[in-house]
Amino acid sequence: MSNKNKHYCIVFVFSLLYVGQIHAQTNSQQSVDQFISDIFEQFTAETEKSIDYDAFYEDLKECARNPVNINHTTREELKHLVFLTDIQIENILEYVYENGAFVNLYELQLVRGLDMTDIRRMLPFIKLGEGVDQKNQVYWHDLYRYAENELTFRTDKTIEKKAGYSGADPLYSGDSWYEQLRYSYRFRNMVQAGFTAEKDAGEAYWNKKIKGFDFYTAYIRLNKIFKNNTLILGDYKVSFGQGLVINTAGMSGKSGFVQNISSRSTGISGYSSTNEASFLRGLGLTVNGKNHVISLFISTKMCDADTTDTIIRSISSTGYHRTQSELMTKNNVRESVFGANVMYTGLNYQLGITTLFDCFNKAIEPIGKTYNYYYFKGKNQFVTGISYRARLNKLNVFGETAFLTTTGGLATINGGSFSPASYINLVVLQRYYTASYHVIHASSFGENTIPSNESGIYMGAELRPFAKWKFACYLDSYRFAWLKFGVDAPSWGRDYLLQADYNFKRNVSMYLRLRYKENEKNKTLVSQTMPELYTDNKFSLRYQLTTNVNDLVFKSVVDGNICPNNGQHPGYGLLFSEEIAYHPTNLPWQIDFRYMMFDAADYSNRIYSYEKDILHVFSIPVYSGKGSRMSLVLRYDVNKRLSMWLKVSQTVYSDSRTQIGSGGEAIQGNRKSDIRYEIKWDL
Amino acid sequence: MLRLFSCLLFIMSLDCSSQIRNILPDGMSVAGVSVADEQYNTSFSNPATIGYSKRLALQFQYQNHYIIHELSTRSFSFVVPNKYLNTGLSFSYFGFSKYNELMIGLGTSRNFNNKFSIGLQANYLFIYSLATQSYHRKFIPQMGLSLHLSPSILLGFQTFNPSQFALKTDQTSIRIPSIFSIGLSCRLDEHFVWKMQLDKEMSTGYKLATGFAYSLSGWLQLQAGAYTNDYLVPCLGIAYQNNAMTIGLNTEIHPLLGLCPQLSVSYLFGKNHVK
């Protein structure tokens, strides 16, 4: 029997065995939005780094709108599916290379390293196209007739009155409504444009510094209009290599996906998020050659900063302009960025060089403290990095080394993933960032927001020893050679995670996650000549049970932690939640209801817990104290073009507090109620 | 007189903000593990259990704390099954002439092909207090969910007073407990059921309870369990059951305060009313 016939036989047998699983899941009631939320929840579950959900959502939503043709795709395209590991991406490409195009979706089960969970996640974002790139003739009127136009408006409000709006001379200059207007245009993968306007609660509509909405962002992206090039005008984000030089997308770090540790170098892409700091503004150009890609970008934009005459004390990234002091920091400094990346792709390797020149119109001079001694100072910085990626049989290696000329700082990150058998994946990552390496737009694997002052080694493994079971674990050991905020001496830390996933039945799945983290902190808040550190440790446990019954999804979560409080009696945190989601396929509405109770007496026992929200919003509130919370999210599709969302939620504290929050955000009493509304119109 | 004094002492020993003791009567299961229970209607423990009734059901329960008559709870419930929605009416009375609590609950629940059941109950609470010499009233919502993870494993969840309402009077504010319960029931074989439950009242501690029921024969069932609050309290029970009637006798043995016996009688009318 020929190889091709053997191949078809195997596919046929697998189809018989698993036809129900994939078919049922493609008919699953989970929408693409729910998929993306679930994936993002996994990414953010074990990190306290703030990750831009808007950017994450738009990337994956774009893949859903223009599914990746897995029969004719590239590594760069598959990288947009952030839940796939490097090994999985390589295995998919290798499978197509060796066996030819996928005949149907069931064949995905034959790809090494892909299990049913991975395949289900991929399904909304992939398609089986022809094995060759099809060029269709495009006419100008197609841009109008066949394009997707989407307009959304969102508004939020806290029902209870906050202190910032009280009194004859309120602290906040505007009203208590949050408003956001968003427009997007899509024509295949060729023309994309976006416009977003946002006003935070407390910001005024009109004053000296604000004209209409407080924040505006817009971009237009032309892909393969002019030969094989991509042009972006407006606001964009940039990510190259492992993020040591530039990574404004900011998606890197430890997560529930223990294998996903390498940064996704997505190049230059459009920006439509409401984060008012992490983007560039100007022009970006990507030229695709046969084996090489050249990217150039230039940016100039105003930034919020706390300044004193000609000195910048700190750059602000909150985006809030509610009070007089916040308004004074708005658009105070101009930042200009020039950068380039050249990437050469061989058969089994990639080499890239990235350079970046970043300059401000005023010098940055933070208030002198010992811990910020190595922070970026001056008007400009120039950084260069070399990145690589290679595949050697079952071993993938990757890394980047960057050098900051202004301070002589060096950063290097190197890692590898290895899959000795189909049921085991191993990964290791080493990082070394000197304290003098402090690059503003860099974001890479590590404990700190900016890769600086850190060295460590990370080891992770994923095993599928039995059917229905998956085990994942990692160990991360790191050191900080210099001081940090809140730690007045060189320190160390360790982080361990163990997760077991069990697909009990086709419609019942659960996981148990254990995490232990220890690091050093100052023993007292008062600064001392000879600082004393103590080892702070925290043991966390999370159990989640998900049950699907027809159009209903039930999710039960138990989350707990225990940690000593500065060496004293151990405190604990506990959270129980029950969520019911009803998403009927034959009705135009959906309901998500969640009830939760939490008990975390001390702030060090706080718990982060994901909560379903309206479109474009990803909610992971933090809970400390004692109390309960209820939330209800309703979605109603008026027709094929018009959809509405409404979220109502309330938190009630039962720990005798008479005030929630502080400063302008303080609310009298023990209840906080919020309402959110969004409307989306497909024009 | 001594008993009256003991009662007053017991009530006054509660929190100074006039915290009410655990307001919900225990169900028929030993150690109060009733939130994941499809055998007995325990609407105050979990309104979703009403949905499992296939016959007209009447249930009476007498629960006594520490052999003090004034600290007894009497509860009564009536369930009417229906093809679309089961409805239940429940009463619970605790106390004596100087202080008493009466709660009336109207609950409704639907069982979805024995895969899961959702229940809602509207409770109306009346409290008579010696201090104010009048009745105070409050509406309290309660909701429950019961989910079959498999034919032999049942997960139950309920919340009583989720919005943490309080009863405000001219003189004082009476805090009504806000209770969250989650429980699991496993039928290990046709004679043996094991249950576990965790209760949390918002402002106080946790109560972890576990119990099992073993059917010696078709009509006799033995139950044993324990729960932990401030103390570990063992519980024992025995039940007689036939096609229509179940009579159960449970008792808790508090290491400090003594026995808490409980008598339950349940009667099912006619044949299955719900097809």
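This is a predicted model: local features need pLDDT of at least 70, side-chain atom pairs count only at pLDDT 80 or more; totals for chains, interfaces and linings use all residues.

**Salt bridges, interface and a cavity**

Between chain A and chain B, the count is one salt bridge. In general terms, side chains of opposite charge can pair when their charged atoms come close.

On the side of chain A that touches chain B, several strands give two or more residues, including strand 21 (491-505), strand 23 (533-549), strand 24 (552-564) and strand 26 (589-600). Which element gives the most? Strand 25 of chain A does, with five residues. By residue class, this side of chain A has 16 nonpolar, seven polar and five charged residues.

Now to the extent of the interface. Chain A brings 28 residues to the contact, and chain B brings 22 residues. Together the two chains bury about 2,200 Å², and carbon and sulfur atoms account for 70% of that area.

Let me turn to salt bridges in the whole model. Over all chains, the count comes to 37 salt bridges. One of them joins Arg464(A) to Asp118(A), with the closest N and O atoms 3.3 Å apart. Arg464(A) sits in the loop between strand 19 (454-463) and strand 20 (469-480) of chain A, while Asp118(A) belongs to helix 6 (residues 116-122) of chain A, so this pair ties together parts that lie 346 residues apart in sequence.

My last topic is the cavities. The structure holds 15 cavities of 30 Å³ or more. The second largest cavity has a volume of about 200 Å³. It is lined by 22 residues, and the closest to its centre are Asp33(A), Lys612(A), Asp613(A), Ile614(A) and Leu615(A). Helix 2 (32-45), helix 3 (53-65), strand 26 and strand 29 of chain A each give two or more residues to this lining. Helix 2 of chain A provides the largest share, three residues. In composition, the lining of the second largest cavity divides into nine nonpolar, seven polar and six charged residues.

Conventions:
Residues are numbered from 1 along each chain as its sequence is written. Chains are lettered from A and ligands numbered from 1 in the order in which they are written. Side-chain values use heavy atoms; hydrogens and water are left out. Contact means heavy atoms within 4.5 Å. Buried area is the accessible area (1.4 Å probe) that two parts lose on being put together, summed over both. A salt bridge is a side-chain nitrogen of Lys or Arg within 4 Å of a carboxyl oxygen of Asp or Glu. Helices (H or I, at least four residues) and strands (E, at least two) are DSSP runs, numbered from the N terminus. Ala, Val, Leu, Ile, Met, Phe, Trp, Tyr, Cys and Pro count as nonpolar, Asp, Glu, Lys and Arg as charged, and the others, Gly among them, as polar. On a 1 Å grid over the protein atoms alone, a cavity is a set of points where a 1.4 Å probe fits but cannot get out, and a pocket is an open set with protein on both sides within 12 Å along at least five of seven lines; lining residues have an atom within 4 Å of a point. Grid points are joined across faces, edges and corners, and a volume is the space filled by probe spheres set on the points.
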